[in-house]
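Please read them with the model open.

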Amino acid sequence: MTSPSRVVVAMSGGVDSSVAAALLQQQGYEVIGVMLRLWSEKDREAFNRCCTPEAMNIARRVCDLLGIPFYVLDARQAFYDVVVQCFFNGYTQGITPNPCLLCNQSIRWGFLLERALAMGAAYLATGHYAHLRLSPEGNVQLLRSVDREKDQSYVLSMLNQEQLSRTLLPIGKYKKPEVRQLAHDVHLPVAERKDSQDLCFLGEEDYRAFLLRHHPNSVKPGPIINTQGEILGEHRGLALYTIGQRKGLRIPARHPLYVLEKLPASNTLVVGGSHEMGRDELTAGAVNWIAGTPPDPPLRASIKIRYRATEVSGTITPVDSQRVQVHLDEPLRDITPGQAAVFYNEELCLGGGLIE
């Protein structure tokens, strides 16, 4: 039976999720700490950024100090099938996938949320830096964190109303130093624990080595051409290059060359000079509008093409029910298929889609 005061907190062993659990307990919720055991390579479990044995022990200790239950759920197969396979498939198809988007959408707010509800919880809470509010129409709105340096609304942009209505984001109105101070105030052992910045299943390893080890067939040599179609050399495999990359092309040239485009159909890498970089248009598919329906077109918004990218203003025009055309007010150099284009109206995150 669902309890309106019961909440499952996704624990990571870090300061953010630990403080989220402490804040909810202080607010009178019945808190349950849960950590997901995610897939990692055999014999490399200690390098997984999300659920190392050390992180599990710390999360368990935090829950003991707070006096709340702690459980570990095995999500290894689901994570591998959804997130890791998408990572492989993306690079095989010549795009640069963002596994964090899919993990949040399908694993945290899919696998974990389903199990939280089965445990009788009314909500799933995380330590993400963003916050929620109800609109006058009763929709749940996703807003940026007050700590703009830590804001994570970008990676939550694919969540829908059903998921957000079951979500609590307790630390979204705090800045990082305040969160660390809150951890000190309640004597949590994670107050100064370092933040993780890497993909959880890669750790500090370069993704190229991971791909070569697991999917060598996805890395096939092919031609490097310029924008006039002239062959300049041979690449080692499209998956090993990113848009905007300069180093590692191994092409003698009078001026620096950069990766402009990857053409999977012909296994071709297109390069050019810095003056040829930058586009002011993109198409995004699999678009998610957080409100449930798209705003009236044409929509003026701020657009962010990567988690750490500087956003620019632009106009968004629907192509069909799931695709939009985006015209940017100024060109951006690193528009990369597979990454998300996320749309904002000041502090409000409107949603986003995958760059095609």
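1. Strand S10 gives the second largest pocket the largest share of its lining, namely four residues. The model is a predicted one, and the points below should be read with that in mind. S10 covers 258-263, and strand S12 covers 279-289; each of these strands supplies at least two residues of the lining.

2. How many residues line the second largest pocket, and which lie nearest its centre? The lining has 24 residues, and those nearest the centre are Ile-243, Leu-260, Glu-261, Arg-279 and Ile-335. The space in this pocket is about 380 Å³.

3. Sorted by class, the lining of the second largest pocket holds twelve nonpolar residues, together with six polar and six charged ones.

4. S12, which contributes to that lining, also takes part in strand pairing. Five bridges link S12 to strand S15 (residues 324-332), and the pairing is antiparallel. Within this pairing, Leu-282 is placed opposite Val-326 of S15.

5. S15 has a further pairing, with strand S14 (residues 312-318); these two strands run antiparallel and are joined by five bridges. Thr-315 has His-327 in S15 as its bridge partner.

6. A separate topic is the open sheet. It is formed by five strands with parallel pairing, in the order S3-S2-S1-S4-S7. Why is one side of S3 and of S7 left without a neighbour in the sheet? Strand S3 (70-74) and strand S7 (167-168) are at the edges and have a single partner strand each, so one side of each has no neighbour there.

7. Inside that order, strand S1 (residues 3-10) pairs with strand S4 (residues 121-125) in the parallel sense, over four bridges. Val-7 has Tyr-123 in S4 as its bridge partner.

8. Which strands does helix H1 touch as it packs on the sheet? H1 (residues 15-26) touches S1, strand S2 (30-37), S4 and S7, and its direction makes about 165 degrees with that of S1. Helix H2 (residues 53-66) packs on the sheet as well, touching S2 and S3. The direction of H2 makes about 145 degrees with that of S3.

9. To look at the two regions in turn, start with Leu-260 and Arg-279, which are among the residues nearest the centre of the second largest pocket. Then go to Val-7 and its bridge partner Tyr-123 in S4.

Terms used
Residues are numbered from 1 along each chain as its sequence is written. This is a predicted model: local features need pLDDT of at least 70, side-chain atom pairs count only at pLDDT 80 or more; totals for chains, interfaces and linings use all residues. Side-chain values use heavy atoms; hydrogens and water are left out. Two strands pair if DSSP finds at least two bridges between them. Contact means heavy atoms within 4.5 Å. Axes are lines fitted to C-alpha atoms, for helices over the stretch in contact, and angles run from 0 to 180 degrees between N-to-C directions. On a 1 Å grid over the protein atoms alone, a cavity is a set of points where a 1.4 Å probe fits but cannot get out, and a pocket is an open set with protein on both sides within 12 Å along at least five of seven lines; lining residues have an atom within 4 Å of a point. Grid points are joined across faces, edges and corners, and a volume is the space filled by probe spheres set on the points. Ala, Val, Leu, Ile, Met, Phe, Trp, Tyr, Cys and Pro count as nonpolar, Asp, Glu, Lys and Arg as charged, and the others, Gly among them, as polar.
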